[in-house]
Amino acid sequence: MKETLTAEGNRLQYEKSPYLLQHAGDPVDWWSWCPGAFREAKREDRPILLSIGYSTCHWCHVMGRESFRDPDVARALNRDFVCIKVDREERPDIDAVYMAACQALTGSGGWPLTILMTPDQAPFWAGTYLPPKSRGGRLGLLELADEVSRLWHADRQRLLALGQEVTQHLRPRPTEAAAPDESLLRSASAELERRFDQENGGFGAAPKFPAAHELLFLLEYARRTGNEDARRMAEVTLTQMARGGIFDQIAGGFCRYSTDEEWRTPHFEKMLCDNALLSCAYLEAYAQTGNPYFRDTACRTLDYALEELRLPGGGFACGQDADSGGEEGRFYLLTRRDAEEALGTGEAQSLCQRLSIGAEESVPNLLYDPDYKDFWRAHRAQCRTLAAFRRRRWPLHRDDKVLTGWNAMMIAALAKAERVLGEARYLRAAEETRLFLKTRLTRPDGRLWLRWRDREPAIDGQLDDYAFYCWALLELYEANFSTSCLREAAGLADRMAALFWDEAEGGFFRTASNGERLIVRQKDSFDSGTPSGGAAAALALGKLSRLTGEDRFRAMEERQLAWLAGEARSYPAAHCFSLLAMLEALHPRRELVCVSAGTPPQWLAGAGETYRLAVLAKTPENARALANLSRRAETYPIPEEGERFYLCRNGACLEPVDSAAALREQLRERREPVLQ
C-alpha cells in the first residue's frame with residue numbers, strides 16, 4: 001500500500017481548478033470527485049475523507065499548510081482513507097449537500113469543510129478546520145483519523161447507521177404550496193428589524209456579512225409600501241459598510257465579511273458574486289434617494305471588478321485571495337510610513353488622518369471621518385497611486401476561473417448601472433460578458449456549462465447558472481432592447497423547466513434530471529452566501545411573463561412562487577430574494593410598449609428604471625423576431641415616423657401617446673398603488 005507520493009505530485013496536477021492545483025503538491029494521495037475514487041474506496045474497503053474549500057479562502061490555506069502538507073498526517077490519511085478534494089465553486093451541488101450534513105451534525109459550518117463518509121457517500125462525521133494534532137480544545141486530524149480507523153474496523157455498523165441517519169435527514173420533505181401574501185413580507189421586515197444594529201447597520205452580531213439580498217428586499221419593500229423603517233435599515237447599513245474597512249477605500253470593492261460589528265476589520269477575500277449584488281443594492285439606493293455617496297460606492301465597486309477581476313474576452317474571475325505574503329490581509333494593511341513612501345509626506349498626511357492610518361498597521365476606513373462623502377472625489381489620485389504601491393509590494397492571487405452564475409450576476413449589475421446612471425461603458429461591459437458566456441459557456445444545443453478556465457468549459461450547468469443567466473439577460477434587455485437577449489432568456493427558461501422542475505411536488509431541483517446523482521437531490525429556497533437559485537428563477541419567469549405576455553411563463557412563475565411561499569413560511573427573513581419575486585407578483589410593474597419607426601429613444605431604459613416599468617421595444621428590424629416571442633407584440637402597429645407609447649397594466653393599455661412629455665403626464669396621473 002502506498003504511504004507517500006513521489007515528487008511528481010498527486011492526481012490533482014491534471015485538474016483545472018486553481019484550488020485543486022494548490023493541493024497538487026501535497027503528500028496526501030488526493031483524488032478529485034470522480035467515479036474512480038469511489039471504486040477505490042470500495043475495493044480497498046476504506047472510508048472517505050472529503051475536503052471542500054476554495055482557492056481564495058484563508059483557513060483553507062492554513063489547513064493546507066499545517067495538516068495536508070504534514071508527512072505524518074499524509075501517511076495516516078493515505079493508509080486508512082481515500083481522500084477527495086473538491087472546489088466548492090466548481091461543485092456547489094456537492095458543497096451544498098455536505099454543508100447541510102455538517103450543519104445537521106454540528107449546528108454550524110464553514111470552509112474548509114471536512115467530511116468523513118462511507119464509500120456510498122453517506123456522511124458520518126463533519127467539521128471544518130482541523131490542525132494536525134489536537135490543541136486548544138480543537139480536535140486534531142491525526143487523532144480523528146486514528147479513532148475513525150479503529151471504529152471502521154471494530155464498530156463499523158455504528159458509523160454506517162449514523163451515515164444512513166444523516167442521509168435520511170437530508171432528504172427533501174414535501175412542501176405545502178401557499179399563495180404569496182403580504183404577511184410574509186411584513187414578517188421578514190419585522191425579523192430584520194429585530195436583528196438590526198441601530199448604530200452600525202447590519203443584522204445580528206459579528207461576524208457580519210453584507211447580505212445584498214436582504215438590502216435589496218428592504219429597499220424594494222420600502223418603495224412599494226412607504227415603510228420608512230425598512231428604508232432606514234437599508235440606508236444605514238449601506239452607509240456604514242461603505243465607510244468601513246470591509247470596503248477597500250483605496251481601490252474599491254467589498255471583502256467577504258466583517259469580523260467585528262463596526263465593519264472595520266474584514267475577512268479579506270473579495271468575491272465576484274458579492275460585489276455584483278452589492279453594486280445592485282447601491283444602485284437601487286441611489287435611484288431611490290439620490291444620495292451621491294451610494295452612486296460613488298456603486299461605481300467604485302463595479303470599477304474594481306472591471307479593473308481587477310475582468311479577463312480577456314469579457315469574462316470575470318471568481319475573486320481575489322484573503323492571503324498575501326503568507327498572511328491574511330497583508331496586502332491591505334497600511335501604516336503612515338507606507339503612505340508617505342507612496343505619496344510623499346505632504347499628500348500622505350491628510351489621507352492618513354481621514355482613513356485612520358497610524359504608525360501601526362491598520363485597515364483603512366472612514367468610520368471616524370465626518371466628511372466621508374467627499375473622500376473619493378478629494379483623494380482619487382492619491383488612492384490610485386497608493387493602489388499601485390500595494391500591487392507592487394505584495395502579489396495577490398486571483399482565482400481566474402469563470403463561473404456562469406456569478407458572471408450572470410455581474411451582467412445584471414452592469415446593466416442596472418447603465419439604466420440608473422446612463423453610462424454606456426457599463427452597458428458595453430455587460431454585452432461583452434454576455435458574449436463570453438454565449439460563446440464559451442453555452443453548448444450548441446443551448447445548455448450551459450458551469451465553469452470555464454484555461455480555454456476549457458466543464459461541468460454541467462446547475463439551477464443557479466440557468467436562473468441567474470436568464471434573469472441577467474432580461475436585465476440586459478431592459479438596457480439595450482436587443483431581441484436576442486429576450487430570445488435567449490426564453491430558451492433558457494424553457495430548458496430550466498425541462499431540466500430542473502419537480503413536476504410531482506413543485507419547486508426547482510438544484511441539479512438537472514439527467515445529471516450526476518448525489519445521496520440527495522436538493523431543492524433551493526434559502527438565501528445563503530448567494531441568493532437562492534429558485535428565487536432567481538421566479539424573478540426571471542416573472543420578467544419573461546410581463547415582457548412577452550406568454551401564458552407558459554406566467555404559469556411557471558405562479559407554480560414556483562407558490563412553492564417558495566410554502567418554504568418561506570417558517571422563516572421569511574431567510575428568503576429575501578424570493579420575497580423580491582413575490583413583491584413583483586403581488587404588485588406587478590406597469591408595462592410600457594414603445595413602438596418606434598427607428599431606434600428606440602436613448603432615454604427609454606432610464607425611464608423604465610425610474611418609473612418601474614417593464615419595457616418592450618418594437619421596431620421594423622425586430623418586429624418579426626419579437627412576434628415569435630410575444631404574440632401580444634403583433635397587436636401594436638409601427639408608426640410611419642417617430643415613436644408611439646402604450647402604458648399598460650396586466651395587458652390592458654391606455655390610449656397611446658406620441659411623445660415623452662405625454663407619457664410622463666400619463667405616468668403622473670396613474671401613480672402606482674402602494675401596498676398596505
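Colleague: Which cysteines form a disulfide here, and how far apart are their sulfur atoms?

Modeller: C648 and C653, with sulfur atoms 2.0 Å apart. A disulfide here is a pair of cysteine sulfur atoms within 2.5 Å. This is a predicted model: local features need pLDDT of at least 70, side-chain atom pairs count only at pLDDT 80 or more, and totals for chains, interfaces and linings use all residues. Residues are numbered from 1 along each chain as its sequence is written, and side-chain values use heavy atoms, with hydrogens and water left out.

Colleague: How many disulfides does the structure hold?

Modeller: It holds 1 disulfide. The link of C648 and C653 is right-handed, with 90° about the S-S bond.

Colleague: C648, buried or exposed?

Modeller: Buried, at 3% relative accessible area. C653 is partly exposed, at 32%. Buried means under 20% relative accessible area, exposed over 50%, partly exposed in between (1.4 Å probe, protein chains only).

Colleague: And what about C299?

Modeller: C299 is in no disulfide. The nearest cysteine sulfur belongs to C280, 13 Å away. C299 is buried, with 13% relative accessible area.

Colleague: New topic. Which residues touch the most other members in the largest nonpolar core?

Modeller: L77 and F217, out of 190 residues. Such a core is a set of buried Ala, Val, Leu, Ile, Met, Phe, Trp, Tyr and Cys residues joined through side-chain atoms within 4.5 Å. Helix α18 (residues 463-480) gives the most to this core, with 13 residues.

Colleague: What does F217 touch?

Modeller: Leaving out residues up to four places away in sequence, F217 touches L185, A188, S189, L192, C576, L579, L580 and L583. Contact means heavy atoms within 4.5 Å.

Conventions
Helices (H or I, at least four residues) and strands (E, at least two) are DSSP runs, numbered from the N terminus.
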